[in-house]
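User: Please walk me through this structure. I have not seen it before.

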Amino acid sequence: MQVAVIVERLVAFNEVEWHYSYAILQAPFPVDGYVSTIRVHAVPGRDDLAEVQWSGRFNPVNATEQQVVDLFTGIYADGLDALHGTLAG
């Protein structure tokens, strides 16, 4: 079984505004220049709820933009589902 290696670097972190950004330095994805940001927003009037936004920018390599968008949309959805599952207990 081959294990995919993903190397990321934290490029920005803001504890006050609840967001961070990271760059992918090495991965088996068909992109270069990938930078992603995760932001957490408070929901007004709800201390028990927050909104998480995860976005990225990249340059496709040997793939169409739509193929890469679909790839990362799936990765983001899986990651956000796992986060929700962890926090929901």
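The questions below go from the whole fold to single residues.

Analyst: This is a predicted model, where local features need pLDDT of at least 70, side-chain atom pairs count only at pLDDT 80 or more, and totals for chains, interfaces and linings use all residues. Residues are numbered from 1 along each chain as its sequence is written, and side-chain values use heavy atoms, with hydrogens and water left out.

User: How many bridges join β3 to β4?

Analyst: β3 and β4 form a hairpin with two residues between them, and G45 in the turn has a positive phi of about 80°. V31 stands opposite P60 in β4. The two strands run antiparallel, and the bridges that join them number eleven.

User: Which residue takes a positive phi in the hairpin of β1 and β2?

Analyst: Seven bridges join β1 to β2 (residues 19–26). E8 has I24 as its bridge partner in β2. Four residues lie between the strands of this hairpin, and the residue with a positive phi, near 60°, is W18.

User: What is the bridge partner of S21 in β3?

Analyst: β2 and β3 pair over five bridges, and they form a hairpin with four residues between them. S21 is also the bridge partner of A12. In β3, the partner of S21 is T37.

User: Is T37 buried or exposed?

Analyst: T37 is found in strand β3 (residues 31–43). Buried means under 20% relative accessible area, exposed over 50%, partly exposed in between (1.4 Å probe, protein chains only). T37 has 13% relative accessibility, so T37 counts as buried.

User: With which side chain does the side chain of T37 make a polar contact?

Analyst: A contact means heavy atoms within 4.5 Å. Leaving aside neighbours within four places in sequence, T37 is in contact with Y20, S21, Q53, W54 and S55. A polar contact is a pair of N or O atoms within 3.5 Å; within protein, one must be able to donate a hydrogen and the other to accept it, and residues adjacent in sequence count only if both atoms are side-chain atoms. At 2.6 Å, the partner side chain is that of S21.

User: How far apart are the end C-alpha atoms of α1?

Analyst: The expected span of a helix is 1.5 Å times one less than its number of residues. The 24 residues of α1 should therefore span 34 Å. That agrees with the distance between the end C-alpha atoms, 34 Å.

User: Which residues of α1 are buried?

Analyst: What covers the buried residues of α1 includes β3 and β4. The buried residues of α1 are V68, F72 and Y76.

User: What share of the residues in the protein is buried?

Analyst: Along its principal axes the C-alpha trace spans about 45 × 30 × 25 Å. The protein has 89 residues, and the buried share is 18%.

Technical notes: Pairing = 2+ DSSP bridges.
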